[in-house]
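I opened the notebook to go through one chain, element by element. My entries follow the order in which I looked things up.

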Amino acid sequence: MAKVLTSRSENYSQWYNDLVIKADLAENSAVRGCMVIKPYGYAIWEKIQAVLDGKFKDTGHQNAYFPLLIPKSFLSKEADHVEGFAKECAVVTHYRLKNDPNGKGVIVDPEARLEEELIIRPTSETIIWNTYKNWIQSYRDLPILVNQWANVMRWEMRTRLFLRTAEFLWQEGHTAHATEKEALAETEQMINVYGDFAEGWMAVPVLKGRKTESERFAGALDTYCIEALMQDGKALQAGTSHFLGQNFAKAFDVKFTNKEGKEDYVWATSWGVSTRLMGALVMAHSDDHGLVLPPKLAPIQVVIVPIYRKEEELAKLAEVIDPIVAKLKAKGISVKFDDSDNRKPGWKFAEYELKGVPVRLAMGARDLENGTVELARRDILTKETVAVDGVEDLIENLLEEIQNNIFQKALDFRTEKTTKVDTYDEFKELLETKTGFFLAHWDGTAETEEKIKNETKATIRCIPFDNEQEEGVCMVTGKPSTQRVVFAKSY
């Protein structure tokens, strides 16, 4: 197979775009800023979805579905929320088309204007809290622990497949609680769920922390996040969990009678991750040869390619390969026996390498005689000859080793790219030459935060939960500071 990818060192952004398209993950659609997720890409998303859905249900949550369209008046009820999303909203104004009298296709029927415009959901807090008003009267109705798998639309001007598109897939949890303490516990619980998933399944190390006031979700009192570092040294916000206080309950008049018989407003959270995780998966691990997928999320964990010339040779190989396939499947390992005759083995090798299949087995006539099979690892691009006997146990252990190795490599990279800085000049220089996460003192003001962002394009990614308390001075203003925060350029 000819070289299909721009190298990361040559043009990281182009490498990413090439890889997403060439590996059959997604492609641009006829609708500006929207993407088509292709079957191989969607298979990865389905694995992500299945694992997270199980985690949500294990923590007591249930799935529901709410309308795609939100009355415009709903977004006017929570001032910070509407301000945060106003510039990204797509608006439905009419409900009918008709044939153009001039014979030029169809036009919007001017007689079919809606009495109230509808917003295609950028997020669902407003429609959900309007609904919760009907569900909640007493403390006995609480908590409500609901999640929604859905699509949303935010009218992005500069888009990139998976990372930032006008329409994207996600899940959004929306919970209602009787007390502030319960809501805060929920907010923390869910960011930990996201962190465990990112590290345990995606093999992506993340920082868990709190957003600054200016970086919070619109309408939240507090926002927790997980931040990952990509191979180009930029940060990617991979998931968020928001403590909404009583803001939305007050906006939609959602009250309940507590155990003491007194009326109070409900406490709320919301939390979500999106198909942006697909972008993180690609950028955190992949190389100039193609995708590198952690085995736990790979649609195909093992591919077996027979090398043969005649059908009789394939039949003999299949007698050995079919039992291997059955044993691997019995262990819950997804395996593909690619005996198709429309591509040569070399083409198949390159294709499965591009698609990030963790383990590849190849068997020819000589292997058949010797009772061996060639085993190739995608993560470190090595090949070795191993015995057919017991190969399924070898592969089971190897997949775990590959999963751990991919995580450790990403963790080592993050460690190497994490730097303490004490002066603004040093910060600006290293931001351009080294990139990565920078730990620096900040005076806690929005003015200094904005100055740094305007002058360097770096933002405070989070204030880590496990932050070491350390006396120092802000690198910009020299004012006292009690801890370092995490700065980086980001997606």
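**Entry: Thr269**

In which strand is Thr269 found? I located Thr269 in strand E16, residues 267–274. I kept in mind throughout that this is a predicted model.

I then looked for polar partners of its side chain. The side chain of Thr175 makes a polar contact with that of Thr269, at 2.5 Å. The side chain of Trp271 also joins the side chain of Thr269 through a polar contact, at 3.4 Å. Leaving out residues up to four places away in sequence, I listed what Thr269 touches: Gly173, His174, Thr175, His177, Ala183, Glu186, Thr187, His242 and Leu244.

**Entry: rings**

How many aromatic pairs does the structure hold? I noted 18. One of the pairs is Phe427 with Phe438: the ring centres are 5.9 Å apart and the planes stand at 80°, so I filed it as edge-to-face. Phe427 belongs to helix H13 and Phe438 to strand E23 (residues 437–441), so this pair ties together parts 11 residues apart in sequence. Both Phe427 and Phe438 are buried.

Lys296 lies over the face of Trp201, 4.6 Å from the ring centre. Arg360 lies over the face of Phe349, and there the distance to the ring centre is 4.1 Å.

**Entry: His441**

I returned to strand E23, which also holds His441. Is His441 buried or exposed? At 5% relative accessibility, His441 counts as buried, because the cut-off for buried is under 20%. Its side chain makes a polar contact of 2.8 Å with the side chain of Ser481. A polar atom of the His441 side chain lies 3.3 Å from the backbone oxygen of Gln483. I set aside neighbours within four places in sequence and read off the contacts of His441. They include Glu470, Glu471, Gly472, Val473, Cys474 and Met475. Ser481, Thr482, Gln483 and Arg484 are also in contact with His441.

**Entry: helix H14**

Which residues of helix H14 (residues 446–456) are buried? I wrote down Thr448, Glu449, Ile452 and Thr456. Seen down the axis of H14, these buried residues fall within an arc of 105°, so they line one face of the helix. The face turned away from the buried side carries the exposed residues Glu447 and Asn454.

I then asked what the buried residues of H14 pack against. The partners are helix H13 (424–433), strand E24 (459–464) and strand E26 (480–488). Lys457 follows H14, and its phi is positive, near 70°.

Asp24 has one, near 65°. Asp24 sits in the loop between helix H1 (12–22) and strand E1 (26–28). With 24% relative accessibility, Asp24 counts as partly exposed.

Phe162 has a positive phi too, near 70°. I found Phe162 in the loop between E9 and strand E10 (167–177). At 2% relative accessibility, Phe162 counts as buried.

Which two residues does a cis peptide bond join? I recorded Leu142 and Pro143, with omega about 0°. Pro143 is found in the loop between helix H5 (125–135) and strand E9 (144–153).

**Entry: the whole chain**

I counted 14 helices and 26 strands in the chain. The C-alpha trace spans about 80 × 70 × 55 Å along its principal axes. Of the 491 residues in the chain, 52% are buried. For contacts with a separation of 6 or more, residues 24 or more positions apart account for 68%.

I also looked up the record. UniProt, in an unreviewed entry, places the feature "domain: Aminoacyl-transfer RNA synthetases class-II family profile" at residues 27–294. I checked that span in the model: its end C-alpha atoms lie 22 Å apart. Residues 27–294 are 29% helix and 33% strand.

Technical notes:
Residues numbered from 1 in each chain as written. Heavy atoms only, no water. Buried < 20%, exposed > 50% of the residue type's maximum accessible area, 1.4 Å probe, protein only. Helix = DSSP H or I, 4+ residues; strand = E, 2+ residues; numbered from the N terminus. Arc of directions from axis to C-beta. Contact = heavy atoms within 4.5 Å. Phe/Tyr/Trp six-rings, centres within 6.5 Å; stacked < 30°, edge-to-face > 60°. Lys NZ or Arg CZ within 6 Å of the ring centre and 35° of its normal. Polar contact = N/O pair within 3.5 Å; in protein donor to acceptor, adjacent residues only side chain to side chain. UniProt positions renumbered as here; feature names shortened; annotations may be inferred.
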